[in-house]
Amino acid sequence: MKKVNIFENPEFYRKMILKYNSLLKYDIDKCNGKSLICVFFTSYCGVGCPFCFFHSPSLKKENNLLEELENHFSRDGIEKFISFANESNVGYLQISGGGEPFLEKNAIIECLKRVEADRIILVTSGSWAFDKVKAEEYIDDLYDAFNERKSKARVTIRLSVSDYHNIKLKGKPVVNLIKIFDDKYKNDKNFTLQLKTFENDNSLVNLLNEYFPGFKLNIVEDNGSDDFNHIKIMPWKYVLTLKSGFKIIVGKSRIFNSNLRPNLYDKEEIRKSEKIYDTDLELSQKNNSSIVYNSNGINGIDWIVEYNGNVCTWQNRVQDNLLNIYEDNYNDVLRNTYSDPLTYSYIDKGAKYREKIVSEVSPKTVSLMKSVNIRDYAGTQLFLDEKIRLYYTIRVIQDYLLEDKINTDVLNEFPKELINAIKSNLKELKCNYFKSNYSILEQELSIPVNALELHDFLELVKLGHFEISDDKVQKAIKYYNFISNSNINSIDEIKCSSDLEIEKRLTKRMMERKKIKSEEAPIYYYLCRHGETNWNVEKRIKGQLETIDTEFTERGIKQIETLATFIESNNVQAIFSSDLSRTVETARIVNNKINVPLYFYNKFRGLNMGDFQGKSIDCFLNDDYVKECFKDYNLVIPGGESINQLISRFKDGMDIIRNKYNYDRVSIISHGAAISNIKSSISGDKYENIDYCVLKYYNNNYEIVEYGNYN
Ligand code: SF4
């Protein structure tokens, strides 16, 4: 019997490991000291710094729940966050950006009143403090909230000062806030202003020279902590003394040169970025950014909570184990983090261990993670590739087996091929990893893809981001040409058209939000057949065959026009099309009219009629075995697939749309037999030829809204 290579289907085996949440004998009390939380309340910000990784939009769209949950905390989210923070035994709370946290005044005030941390830092660009009177009112309100606390805390507004911020803000907030604190709050040691600037950035000194002559700026220490109880490193710590005697702590940070699209062939640049990453990890995080080191010797967890509710330990997020405070309470988050060998091992063994194991199969990926250098998302970047995720997970299990930290009775419930992989030696495991034909290209195409996304992917391939063979690159180019109607011959012809747009898309992918079950709204699928072709008229079976002699009939063109009007009048938000040429063409023509995101996906192909493809319909329908296939839906058409296989892959595709995207009205351009079979599988009615069928999915159930023929 052929041996199964688990690396041909990495997502499946990773999911299986995650399902067995008692595999690891983890120590739940490992880091039960005071925790640290860095939270982003919003993605919105009007400052518009050119380097901003978040590409923060400046405007909120009102009354759109989905938009709200994707881009900033709802009221419910704030309540959930406060519970999470207090249950996590938070010691140090940093309310941070990107996104300007001070846009979320209510959230800040609630946290000041109710989060039981003993240190609270409010990071800001100061965009709200442009007008001194309004800034003073804002700070007074914060001070009132601070005084309503039941537990003691030290609260600091940490104002970020940089050349970039000053392009728009012109230094005004800095001047206003220094004056307000000097006038009103300088005697309260627990409610303070702090300034933060960057190496090689003179904006602060220039401002001080202009507005506060006679100041003194003295360095206190290198790599000193911002706090007495929780070690939070400031690379350079200064004290600013104004002529009035008012003293302000100033921290200077390193510049990280974050870059979503580094050129991995530029060895010199890569070496520099790696050095910056490594220095920070060693000096600021002691090789483990998921842990906060407390001065009482009891370590805690270092959490990050994003404005969309996603939560993980710092630098330790992985896309197939997303957790979200809207859905998961503190204990769920902790247990899911600890029971996943991938995330637990980082807390347990730190960054060097993680890098060493990944380097066994892909040193390039480690280099890429360091060069991208968006430290919050180091884990996301490192484990972008499902195959690496699975390899790493197995290696961790192997190491924990040696340490007797694996429940072997749980392990024995795994399928044989997975147990064999875990029990194999390093050489065999690596050999299977490299032998597997599955690559990040197949991973990319396992979800619907549009031409822009595939272009982005090819650009990253061109920059050397992935281990991908020349054959696969050619395959990707061919597919790109097909779905985009282009004609490029090599990867060198891939040109970036807009840095900003590409980076926004990459950022969005990196910050993908966990889908929340409780917010599930109905979704409508408009399943529509492609326009009639000459093969239909000639009664020849096309199935999944691609030939160049297929064209739309006059009737087919009219059908496509009708279809475009139908889709437009139903406010469809996106089109997902089968990736066969007659549906691709139909979808393109429709989309010329309605212009919505257009994706292509092989799960929406028509029935694979195998050996009968290219032959006449009569010969197919009169075949005795085929007649049986239409009675028993499990029977596979010779060389093709069974009707149940068709239905199952098509429904898988619809599941993916629901789980991956936030659309509630989508069109799927597909094929007659596929649509008709889906319809009869839902209604239980006899098969009949239809051109379109509208489905409503709600509460785990499909309902047929309408169906029929174009004319
Ligand atoms: S102030 Fe911060 S969040 Fe706003 S644009 Fe600049 S870097 Fe981005």
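Which residue in strand 4 is the bridge partner of leucine 122? Read on for the answer, in point 3.

1. First, some ground rules. This is a predicted model, where local features need pLDDT of at least 70, side-chain atom pairs count only at pLDDT 80 or more, and totals for chains, interfaces and linings use all residues. Residues are numbered from 1 along each chain as its sequence is written.

2. Have a look at strand 3 (residues 119–124); strands here are DSSP runs of E with at least two residues, helices are runs of H or I with at least four, and both are numbered from the N terminus. Six of its six residues are buried, so strand 3 is largely enclosed by the rest of the structure. "Buried" means 20 or more other C-beta atoms within 10 Å of a residue's own, with C-beta atoms placed from the backbone. Arg119, Ile121 and Val123 point one way, while Ile120, Leu122 and Thr124 point the other. In a regular strand, side chains alternate between the two faces of the sheet.

3. Now the neighbours. Strands pair if DSSP finds at least two bridges between them. Strand 2 (residues 90–96) runs parallel to strand 3, joined by four bridges, and glutamine 94 has isoleucine 121 as its partner. Six bridges link strand 3 to strand 4 (residues 154–160), also parallel. The partner of leucine 122 there is isoleucine 157.

4. Finally, the helices. Helix 4 (residues 105–114) sits in a right-handed β-α-β unit with strands 2 and 3. Right-handed means that, with the strands pointing away from you, the path from the first strand over the helix to the second runs clockwise. Strand 3, helix 5 (residues 132–147) and strand 4 make a right-handed unit too.

Methods: Buried ≥ 20, exposed ≤ 12 C-beta atoms within 10 Å, placed from the backbone.
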